[in-house]
Amino acid sequence: MGRSGRKWFIIPKITLNWLKILFQGHSISNLDVKSRVVLPSKFRKVMNPEANNTLVLTRGMDECIMVYPLDEWERVKKGLMNYNVFNSQERFFMRQFLMFVHECELDSHNRFLLPSHLIEFAHIKKEVLILGMLTKIEIWDPAMKETYDKQHPETYENVAQSVTENIFNKLGQ
């Protein structure tokens, strides 16, 4: 607990141990001839040491690649353990999601390999858009991301209002 300076008024210290990683912003990069991409420094510097410079890549939503630091991937796997293998939808999702998993380490130049099956899945040619999504990273072909953005008829402001109202309602604010 911290003190506010006023007598008897105590401000609780809030720690969010589960939210140590905060990938945000974006970067444009190119694949090299060996299909490697450099992890931008703004993303490297917020990776937890527990990730051991290891990333886990898999099929994302909307034809992008999802990238998890190893420590975050371990949390994802724990969540997947709760899926019911006797439920056909949950079983289908797990098969599709886990089929594309590729674990890789950052090399000495902070590059990691994008496997060919994920490059094909995400329609990546040469240029990639690397997008921070708080606890994970998305990798997009820039043209695919632009197409995805244009498919949404609502404005950013309308969507923001709708989803933030839902979030605040869940928090009871």
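Lysine 77 counts as partly exposed, because its relative accessibility is 35%. The cut-offs, with a 1.4 Å probe and protein chains only, are these: buried is under 20% relative accessible area, exposed is over 50%, and partly exposed is in between. Lysine 77 has a partner, glutamate 74, and the two form a salt bridge whose closest N and O atoms are 3.4 Å apart. A salt bridge here is a side-chain nitrogen of Lys or Arg within 4 Å of a carboxyl oxygen of Asp or Glu. Glutamate 74 is partly exposed too, with a relative accessible area of 33%. Both residues sit in helix α2, residues 70-80, and because they are 3 residues apart there, about one helical turn separates them. Helices (H or I, at least four residues) and strands (E, at least two) are DSSP runs, numbered from the N terminus.

Before I go on, a word on the source. This is a predicted model, in which local features need pLDDT of at least 70 and side-chain atom pairs count only at pLDDT 80 or more, while totals for chains, interfaces and linings use all residues. Residues are numbered from 1 along each chain as its sequence is written, and side-chain values use heavy atoms, with hydrogens and water left out.

pLDDT is the predictor's confidence in each residue, from 0 to 100. The average for the protein is 89, and 87% of the residues score at least 70. Over residues 6-16, though, the pLDDT is below 50, and this stretch has 11 contacts in the model beyond near neighbours in sequence. A contact means heavy atoms within 4.5 Å. Where pLDDT is low, the predicted coordinates should not be read in detail.

Now the overall picture. The protein has 173 residues, of which 33% count as buried, and it contains 6 helices and 10 strands. Take the contacts with a separation of 6 or more: 59% of them are between residues 24 or more positions apart.

Back to salt bridges, of which the count is 8. How far apart in sequence are the parts that lysine 125 and aspartate 141 tie together? The side chains of this pair meet at 3.7 Å, N to O. Lysine 125 is in the loop between α4 and β9, and aspartate 141 is in the loop between β10 and α5 (142-150), so the parts they tie together are 16 residues apart in sequence. Lysine 125 is exposed, at 61% relative accessible area, whereas aspartate 141 is buried, at 4%.

Another salt bridge joins the side chains of lysine 145 and aspartate 149, at 2.7 Å from N to O. These two are 4 residues apart in helix α5, so about one helical turn lies between them. Lysine 145 counts as buried at 17% relative accessibility, and aspartate 149 is partly exposed at 39%.

Next, the inside. A nonpolar core is a set of buried Ala, Val, Leu, Ile, Met, Phe, Trp, Tyr and Cys residues joined through side-chain atoms within 4.5 Å. The largest such core has 25 residues, and those touching the most other members are Leu55, Leu57, Ile65, Phe112, Leu114, Ile124 and Ile139. Two or more residues each come from β5 (54-59), β6 (65-69), α4 (116-121), β9 (127-133) and β10 (136-140). Which of these gives the most? That is α4, with 3 residues. A second, separate core has 9 residues, including Met66, Leu70, Met94 and Phe97.

Isoleucine 139, leaving aside neighbours within four places in sequence, is in contact with Cys64, Ile65, Val67, Phe112, Leu114, Ile124, Val128 and Leu129.

Glutamate 138 is in strand β10. The side chain of glutamate 138 does make a polar contact with that of tryptophan 140, at 2.9 Å. A polar contact is a pair of N or O atoms within 3.5 Å; within protein, one must be able to donate a hydrogen and the other to accept it, and residues adjacent in sequence count only if both atoms are side-chain atoms.

Last, a loop residue. Asparagine 52 lies between α1 (41-44) and β5, and its phi is near 50°, a positive value in a residue other than glycine.
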